Amino acid sequence: MSYSNVKIKVNGKVIEKEIESRWLLSDFLRDKLGLTGTHVGCEHGVCGACTVLLNGEPVRSCLMLAVQADGLEVETVESLAEEDGTFHPIQQAFANNHALQCGFCTPGFLMSVKNFMETHPDLPTDDEIREAISGNLCRCTGYSNIIKAVKEAYVLKC
Amino acid sequence: MKPPKFSYLRPNNLREALDMLAEYGEDAKIMSGGQSLIPLLNMRLSTPGYIIDIGRVAELKGIREEEDALVIGGMTRHVDVEKSALVQEKCPLLTEGIRWVGHNQIRSRGTIGGSIAHADPSAELPCMLTALRGEIVVVSSEEEMTLSPEEFFLSYLLTTLEPNQLIKEIRFPKIKQGSGFAFEEVARRHGDFALVEVASVIELNHNGTIVDAKIALGGANSVPFIPEATEEFLIGKKPNDSILKEAAVLQLDELDPEGDIHGSKEYRRYLTGVLLERALNKAIERAWGGVIV
Ligand SMILES: Cc1cc2nc3c(=O)[nH]c(=O)nc-3n(C[C@H](O)[C@H](O)[C@H](O)COP(=O)(O)OP(=O)(O)OC[C@H]3O[C@@H](n4cnc5c(N)ncnc54)[C@H](O)[C@@H]3O)c2cc1C
Ligand code: FES
Ligand code: FES
């Protein structure tokens with residue numbers, strides 16, 4: 001069996017641990033750090049539920065070994081709300097627009113949208129939003145309310 | 001679905017990586033972006049004893065310009081190619097096509113070396129590389145060699161790579177002034193693999209005659225297909241609608257796509273003709289403009 005020492009900054013906190021090399025980042029976050037907000041659906045890169053930010057960029061945490069994040073910074077959905085529970089503007093916009101039902105896909109959407117808003121500061125078109133969320137599947141809500149929510153998030157942010 | 005047990009190796013430079021490959025190659029898998037390999041591990045379709053993670057090998061990353069080609073390191077991520085101003089200026093076909101590779105969450109990890117080594121016939125990079133007549137630079141601890149796509153791609157997911165070799169870099173010829181390019185694809189959803197795809201580069205002379213035509217068709221055969229007779233047919237002609245229509249269907253019967261729930265064999269073959277006509281039109285229009293944007 002192969003183990004590796006890793007030092008990963010997760011939601012602002014540095015974690016140093018010896019871990020099994022074959023652990024996926026998604027499992028490391030959920031099972032070892034208790035950050036169960038990152039959801040695991042398909043485990044082969046298709047559904048997007050496990051999307052987190054790695055050094056600010058969106059990645060599939062089910063398609064990465066935790067050891068690959070050694071020395072890097074990870075942000076999960078738990079990083080969004082303030083400590084007192086105040087929602088991040090994207091979360092508030094999703095709530096306002098009924099952009100979720102069961103919520104299984106939501107953490108992945110929120111993280112994809114966070115990066116999208118950071119890299120596209122001007123109000124995007126519907127088509128740009130559609131492309132940005134094309135890597136996230138939602139099986140209950142459909143995408144219209146999610147697109148509305150993204151637009152409102154731009155308004156709430158400023 | 002979890003990866004099986006393996007020993008994890010992370011070389012710091014190319015020399016270390018090649019030494020590890022020489023020692024463990026038979027029982028090892030190189031991992032670059034992991035976007036194709038980790039699903040295979042998760043499903044236990046691949047159970048290597050060693051994973052050699054080349055993610056931190058700096059010599060394998062980056063984009064540089066040579067006289068007639070852009071040379072892109074195997075470990076360069078799709079997103080870095082997509083955002084590169086140099087690529088946009090010198091080889092905009094790549095900028096146009098690479099946006100079709102998966103979703104941005106995949107392009108932020110996946111690499112061009114990984115795409116070429118994985119050799120999926122529906123992948124965009126092998127098709128673009130074949131259309132451009134680019135080259136693949138392969139290296140082992142003993143030797144380095146440069147291969148054409150036709151030499152390198154053998155069949156569906158199969159290449160000439162030996163267990164001790166890795167893809168060091170890929171040479172993408174620049175698009176010449178007076179040429180136009182186009183990449184066309186149909187996929188079920190943006191980011192999915194292509195049903196079929198076409199990449200083409202057309203060069204016109206000053207009176208509008210085609211002096212060079214380079215085409216590759218992807219997703220239809222087990223490796224990207226160069227329709228040579230079609231290219232020859234186009235060279236020396238002044239393009240018009242009927243010539244392009246004729247060219248687009250000239251070699252469709254040489255395509256042997258597999259049918260599945262997303263489209264039958266016949267549909268894919270027909271679609272390739274439609275996309276080829278579209279790509280030729282667009283490439284010629286851009287060549288006329290004299291600007292390659
Ligand atoms: C949901 C999803 C959708 C996708 N859609 C598309 C798509 O539309 N189009 C597309 O083209 N791709 C698509 N992909 C695949 C993706 O583009 C990968 O980036 C690519 O196929 C492999 O690159 P990688 O760097 O991740 O390679 P890895 O997964 O790390 O490796 C792939 C294979 O190549 C070998 N390898 C890697 N690097 C080297 C090297 N330098 N030298 C020798 N061998 C090497 C590995 O050993 C392995 O066998 C998709 C993937 C997912 C998960
Ligand atoms: S669980 Fe990672 S993409 Fe589906
Ligand atoms: S809200 Fe249920 S899957 Fe999206």
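User: Which residue forms a salt bridge with B:E65?
Analyst: In this predicted model, a salt bridge is a side-chain nitrogen of Lys or Arg within 4 Å of a carboxyl oxygen of Asp or Glu. The closest N and O atoms of the pair that includes B:E65 are 3.6 Å apart, and the partner is B:K90.

User: How far apart in sequence are the parts that B:E65 and B:K90 tie together?
Analyst: Helices (H or I, at least four residues) and strands (E, at least two) are taken as DSSP runs, numbered from the N terminus. B:E65 belongs to strand β4 (residues 63-65) of chain B, and B:K90 to helix α4 (residues 85-90) of chain B. The pair therefore ties together parts with a separation in sequence of 25 residues.

User: What is the relative accessible area of B:E65?
Analyst: Buried means under 20% relative accessible area, exposed over 50%, and partly exposed in between (1.4 Å probe, protein chains only). B:E65 is partly exposed because its relative accessible area is 39%.

User: Which residues do salt bridges with shared partners join into one network?
Analyst: Opposite charges on side chains can pair when the charged atoms come close. Shared partners link such bridges into one network, made up of B:R64, B:E66, B:E135, B:E169 and B:R171.

User: How many salt bridges does a search of the whole structure find?
Analyst: The search covers all chains. The number found is 27.

User: What pLDDT do local features need in this account?
Analyst: Residues are numbered from 1 along each chain as its sequence is written, while chains are lettered from A and ligands numbered from 1 in the order in which they are written. Side-chain values use heavy atoms, without hydrogens and water; as the model is predicted, side-chain atom pairs count only at pLDDT 80 or more, totals for chains, interfaces and linings use all residues, and local features need a pLDDT of at least 70.

User: What is the average pLDDT of chain B?
Analyst: pLDDT is the predictor's confidence in each residue, from 0 to 100. For the complex, the predictor gives an ipTM of 0.95 and a pTM of 0.96. In chain B, 99% of the residues score at least 70, and the average is 96.

User: Where in chain B does the partner of A:D27 lie?
Analyst: A:D27 forms a salt bridge with B:K2, at 2.8 Å from N to O. This pair crosses between chains, from helix α1 (residues 25-32) of chain A to the segment before β1 (7-9) of chain B.

User: Is A:D27 buried or exposed?
Analyst: B:K2 counts as partly exposed because its relative accessibility is 32%. The value for A:D27 is 12%, so this residue counts as buried.

User: Which residue of chain A, in the loop between α1 and β3 (51-54), pairs with B:K2?
Analyst: The closest N and O atoms of this salt bridge are 2.6 Å apart, and its members are B:K2 and A:E43. B:K2 lies in the segment before β1 of chain B, so the pair joins two chains.

User: Which chains does ligand 1 lie between?
Analyst: A residue is near a molecule if one of its heavy atoms lies within 4 Å of it. Of the 32 residues around ligand 1, those that come nearest are B:I30, B:G34, B:L37, B:T111 and B:E124. The ligand itself lies between chains A and B.

User: What share of the area of ligand 1 does the protein bury?
Analyst: Polar contacts here are pairs of N or O atoms within 3.5 Å. Oxygen atoms of the ligand lie 3.1 Å from a polar side-chain atom of B:H78, 3.4 Å from a polar backbone atom of B:W100 and 3.2 Å from one of B:G102. Taken alone, ligand 1 exposes 960 Å², of which the protein buries 94%.

User: Which element gives the most residues to the shell around ligand 1?
Analyst: Elements that give two or more residues are β2 (28-31), α7 (112-118) and β10 (166-173) of chain B. With four residues, the one that gives the most is α7(B).

Conventions
Polar contact = N/O pair within 3.5 Å; in protein donor to acceptor, adjacent residues only side chain to side chain. Areas by Shrake-Rupley, 256 points an atom, 1.4 Å probe, with all protein chains shown as cover.
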